[in-house]
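User: Could you take me on a close look at the surroundings of the ligand in this structure? I'd be glad if you then linked that site to the rest of the chain.

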Amino acid sequence: MGRAIYLDHNAANPPDPRVLEVFRRALDAGWANPSSAHRAGRRARALVEEAREQVAALLGVAAGQVTFCASGTEALNQALVSATRPGERPRAVASAVEHPAVLEPLRALDAEGRVEAVLAPVDAAGRVVVDRLAPLAAGAALVAVIAAQNETGVVQPLDAVGQVCAAAGAPLLVDASQALGRVARDWTHAPWDLLVVSGHKLRAPRGAAALVHRGGVAPGPLVRGGPQELGRRAGTEDVAAIAALGAACDLVRRGELLDPAALRELRDRLEARLLEAIPGAEVVGQGVERLPQTTAVLLPGGDSEALLAALDLAGVAASAGAACSSGSLVRSHVLEAMGVDEARARGRLRLSFGPETTWEELAAAVDALAALRRQGA
Ligand SMILES: Cc1ncc(COP(=O)(O)O)c(C=O)c1O
């Protein structure tokens, strides 16, 4: 079998070689504890602070508004916990299509009586229904809206959401893990009060993420201990992962990490071929703005789990979109929120790719899928 065709970039994308080079150099030069006052420590500190400047520059904030942590999940948990107020039970609103890294902590905070969690509905295309968000946002301590959905790639109407939140005086938490770098937009002018970026979705290795704040909504600590990260996140920083995240953000700011227009062209060709090769196939969110390198498709009568295993054997790495628990497919809360019934949702497949993916690979993946379907998979 030749090289596997990797179409699971939304789970983790291969690091950009330029970012990997920064990572390797930082492993070498930044191994010391960045809180140490000696020269080796100062060298490590300089790498962390350079990365902080790079993230801040991309998002148009001061360096002190960037808090590094270990993962997007941690950053989102921190943002949510920060919205709780002891003795009160403020409302916290999340779109029904948030990542579990938002929905699960929100559920737990609600169960503990620390917030009143409310889900904002989405339409059939997976976009937040802005008119229905408005009454929920009024008086809320936080509104969480994912910039681009990881399972479907659907991009939320962030400007309209921002207007609603501003009118309601509710801080807006934007999970930009999938969107940053892929959606061509100026994040310095996008509406958000808290924004999360995760390294391994941004062509950097795993190990670092950032929670960025502005507009007076400074997050409190989730992980407590030493005074790192201005007291907002204790623990010795992962210098190399942070340096890599900074480098990736710098490439995004300069428009050099990837080319969304080129990716979109490939995606459109992929979808045209898919729809032609597989009768009855349906692209999720077709007609609304989506990530340029993500195609979620429903295959009538299909069974994701079996298809993914067969595709893997055929050398194609794809995904159902949602997390798997011990190898078995869990229901997709995202498709459910969009009104897709369980039978149709069972046939879901997500193909997500990146700048190194060729048209030949995408075409070969569709051909493999079509062949499997003809065999009854
Ligand atoms: C939209 C979105 N948010 C948050 C996360 C969690 O990020 P991490 O894997 O860095 O914890 C993911 C990862 O799949 C994601 O796709």
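Analyst: Happy to! Sorted by class, the shell around the ligand holds 9 polar residues, 2 nonpolar ones and 2 charged ones. Please keep in mind that this is a predicted model, and that the values below are computed from it.

Let's start with who is in that shell. The ligand is surrounded by 13 residues, and the closest are T73, D175, Q178, S198 and K201. Which helix gives the largest share of the shell? That is helix α3, spanning residues 72-82, with 3 residues.

K201 places a polar side-chain atom 2.8 Å from an oxygen atom of the ligand. From the backbone, a polar atom of G72 is 2.8 Å from a ligand oxygen. The side chain of H99 also takes part, with a polar atom 3.3 Å from an oxygen of the ligand. How much of the ligand does the protein bury? On its own the ligand exposes 390 Å², and the protein buries 88% of that.

D175 deserves a moment, as it is among the closest residues to the ligand. D175 sits in strand β6, residues 172-175. Its relative accessible area is 4%, so D175 counts as buried, the cut-off being under 20%.

From here we can follow the chain to the loop between β7 (194-198) and β8 (209-213), which is where R203 is found. R203 has a positive phi, near 60 degrees, and is a residue other than glycine. Is R203 buried or exposed? With a relative accessible area of 3%, R203 is buried. A second residue with a positive phi is L230, at about 55 degrees, and L230 is not a glycine either. L230 belongs to the loop between β8 and α7 (239-253). Here the relative accessibility is 66%, so L230 counts as exposed.

How many disulfides does a search of the whole structure find? The count is 0. In general, a disulfide is a covalent bond that links the sulfur atoms of two cysteines. For C249, the closest cysteine sulfur is the one in C69, and at 13 Å it is too far for a bond.

S332 lies in the loop between β13 (328-329) and α10 (333-337). Its relative accessibility of 4% makes S332 a buried residue. The side chain of S332 has a partner there: a polar contact of 2.7 Å joins it to the side chain of E151.

L263 has its place in helix α8, residues 260-277, and counts as buried at 3% relative accessibility. The C-alpha atoms of L263 and P355 are separated by 6.9 Å, although the two residues are 92 apart along the chain. P17, in helix α1 (residues 17-29), is exposed, with a relative accessibility of 59%. P17 and P121 are 104 residues apart in sequence, and their C-alpha atoms are 40 Å apart in space.

Finally, let's step back to the chain as a whole. Its secondary structure comes to 12 helices and 14 strands. The radius of gyration is 21 Å, close to the 21 Å that the globule rule gives for 377 residues, so the chain is as compact as a globular protein of that length. Taken along the principal axes, its C-alpha atoms fill a box of roughly 65 × 50 × 35 Å. Of the 377 residues, 55% are buried.

To return to your request, the ligand has a shell of 13 residues, with 88% of its exposed area buried by the protein.

Key
Residues are numbered from 1 along each chain as its sequence is written. This is a predicted model: local features need pLDDT of at least 70, side-chain atom pairs count only at pLDDT 80 or more; totals for chains, interfaces and linings use all residues. Side-chain values use heavy atoms; hydrogens and water are left out. A residue is near a molecule or strand if one of its heavy atoms lies within 4 Å of it. A polar contact is a pair of N or O atoms within 3.5 Å; within protein, one must be able to donate a hydrogen and the other to accept it, and residues adjacent in sequence count only if both atoms are side-chain atoms. Accessible areas come from the Shrake-Rupley method with a 1.4 Å probe; for residues, only the protein chains shown count as cover. Helices (H or I, at least four residues) and strands (E, at least two) are DSSP runs, numbered from the N terminus. Ala, Val, Leu, Ile, Met, Phe, Trp, Tyr, Cys and Pro count as nonpolar, Asp, Glu, Lys and Arg as charged, and the others, Gly among them, as polar. A disulfide is a pair of cysteine sulfur atoms within 2.5 Å. The radius of gyration is taken over C-alpha atoms; the globule rule is 2.2 Å times the number of residues to the power 0.38. Buried means under 20% relative accessible area, exposed over 50%, partly exposed in between (1.4 Å probe, protein chains only).
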